Amino acid sequence: MTGTATPSSRRWALLDVLRDVTTKKSCRVCSKFSATPDGVTVSLNPRGRASVGGVHTCDGSLCPLCSARKRAQQMAAVEASTVALCDQGHTVLLVTLTLPHSKNDSLPFLLDAMQKGWNASLSARGRKKWEAAGMVGYLRSLDYTHGQNGHHPHYHCVFYFDRVADPDDLWRLEGDLHDRWARSILKSTGRDTTLHAVDVQVADDIDAVTRYVAKSFLLESLWSEGKALGGRNIWAILAGSATSSEDRDLWRSLEDGFHRRRWVVAGGVVSLKLPEDDDVSDIDEDKSDGDENDEHELLCVVPPRLWAGLVQRRLVPSLLTAAETSRVVLDGKTTVAERWRRWLVLVEVATADDRPESWSGWLPTRGRW
């Protein structure tokens with residue numbers, strides 16, 4: 001994935017890798033074909049990020065494009081709930097839930113134990129205690145890393161209260177959560193949890209909540225080669241699977257293990273959807289749903305056959321990198337960069353005659369001119 005300098009192009013480069021290693025047909029064809037006879041749009045969003053519209057997508061949680069789009073929309077909705085409550089000075093708890101694991105543990109085994117632990121802690125009687133203390137909503141996000149001790153799934157949680165919670169109530173809630181989580185994990189795995197298995201912090205302010213929410217969604221919405229601590233995340237594993245058979249096998253085990261698992265859960269006053277009349281297209285970094293918006297600057301429309309050819313030759317990341325650097329300033333004047341000008345010529349040729357024989361000779365070598 002060298003030569004792809006922007007977040008958008010890196011996600012598309014990861015999708016190229018995914019098509020090679022995935023066992024899911026929907027992922028292999030994601031964004032490969034135009035959804036309209038007019039072609040695929042390439043635009044710049046208000047932040048100057050290249051976005052693609054008018055393609056068929058897979059909507060998969062382990063797709064670097066579709067997951068980024070979904071999590072960006074969900075994060076905007078959660079932030080709206082955060083602002084509404086934090087502006088009133090209400091208590092917000094930031095909670096991390098982990099469990100002991102070893103190199104030989106299967107991912108489904110650990111995920112099942114975590115789900116049972118969550119149900120034991122926040123269902124029925126346990127949840128009533130939280131609500132009695134003023135809890136009115138929550139967010140639970142699944143995170144994952146892989147290291148020397150194998151799979152390390154864990155939960156990031158945010159609990160919102162409708163008041164400034166009493167410190168004694170918070171102390172009792174934390175103790176009850178520790179007890180219920182530990183007993184359930186012991187029952188599921190036969191292992192005792194450590195004191196650090198349940199970490200509870202009271203958010204200092206709205207910025208602390210926002211940072212934690214962003215961290216909760218990091219797995220899906222942001223590009224990262226890995227994390228500073230705790231091993232590699234799923235995108236680093238996917239990137240490594242391009243050259244490593246071990247990572248390729250690991251990726252396929254992730255696809256099996258995470259199948260039908262819910263990455264993000266919200267309840268109460270917290271919603272994962274913005275109101276229908278709110279515009280979310282400006283946070284749709286890849287614009288994969290094909291919706292057009294006046295805030296996006298349309299750069300070009302790629303004919304369907306040319307688009308399929310670019311995908312097949314893995315040239316989309318280079319196209320998007322050129323799109324995001326399409327303008328240069330010379331002598332105080334903004335002009336079209338030469339590299340982007342060549343892409344526009346290619347599009348013009350293909351628009352005039354969409355047959356591959358008319359434009360195949362115009363394609364750049366290895367994504368570069």
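In the hairpin formed by strand 1 and strand 2, which has five residues between the strands, Gly 48 adopts a positive phi near 80°. The model is predicted, so that local features need pLDDT of at least 70 and side-chain atom pairs count only at pLDDT 80 or more, while totals for chains, interfaces and linings use all residues. Residues are numbered from 1 along each chain as its sequence is written, and side-chain values use heavy atoms, with hydrogens and water left out.

Strand 1 (residues 40–44) and strand 2 run antiparallel and are joined by four bridges, where pairing requires that DSSP finds at least two bridges between two strands, and Leu 44 stands opposite Ala 50. Strand 2 (residues 50–53) is covered on both faces, with Ala 50 and Val 52 on one side and Ser 51 and Gly 53 on the other all buried (under 20% relative accessible area, with exposed over 50% and partly exposed in between, for a 1.4 Å probe and protein chains only). Helices (H or I, at least four residues) and strands (E, at least two) are DSSP runs, numbered from the N terminus.

A salt bridge is a side-chain nitrogen of Lys or Arg within 4 Å of a carboxyl oxygen of Asp or Glu, and the count by this rule is 17; among them are these pairs.

| Salt bridge | Closest N to O distance |
|---|---|
| Arg 232 and Asp 247 | 2.7 Å |
| Glu 338 and Arg 341 | 3.6 Å |

Arg 232 lies in the loop between helix 8 (218–221) and helix 9 (234–240) and Asp 247 in helix 10 (residues 245–257), so this pair ties together parts 15 residues apart in sequence. Asp 247 is buried at 10% relative accessible area.
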